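Student: I would like to go through this model term by term. Please start with a definition.

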Amino acid sequence: MMGRLRTMLICLLLLPTAVMALTLSEGRQQGRVGETLSGYIAPRAQDADTLALVERINQGRSQQYLMLARQNGLTTEEVARIAGMKLVDRAAAGEYVRGINGQWLQKTP
């Protein structure tokens, strides 16, 4: 029994960090991040997991925006702004978005 427990603990410790990392969905639901009109998420909490999530998601979005910009003859900023408007509009009830005034608002149903 002790050997099994030890093996399980070792396996758990060896899991890649990404598997145990905060997801975008969790960050949104917990109010730790919110969508912005810039097309990128912003942290509402300043803990390491939240900041790592923001970095990871925004890096991926930046790459996607660059690809879409090249395909459509737009700037990356234009693509990001278009995406930002859609992402803010599509945010679910209870999730946070940052308005044009820079203030966080919680979406209502």
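Tutor: A charge sits over a ring if NZ of Lys or CZ of Arg is within 6 Å of the ring centre and within 35 degrees of the ring normal. The model is predicted: local features need pLDDT of at least 70 and side-chain atom pairs 80 or more, while totals for chains, interfaces and linings use all residues. Residues are numbered from 1 along each chain as its sequence is written, and side-chain values use heavy atoms, without hydrogens and water.

Student: Which ring does the charged end of Arg-44 sit over?

Tutor: The ring of Tyr-96, with the charged end 3.5 Å from the ring centre.

Student: Why is the pair of Tyr-40 and Tyr-65 called edge-to-face?

Tutor: Rings of Phe, Tyr and Trp (its six-membered ring) pair if their centres lie within 6.5 Å; planes under 30 degrees apart count as stacked, over 60 as edge-to-face and the rest as tilted. Here the centres are 5.4 Å apart and the planes stand at 75°, so the pair is edge-to-face. The structure holds one aromatic pair.

Student: What makes Tyr-65 count as buried?

Tutor: Buried means under 20% relative accessible area, exposed over 50%, partly exposed in between (1.4 Å probe, protein chains only). Tyr-65 has 5%, so Tyr-65 counts as buried.
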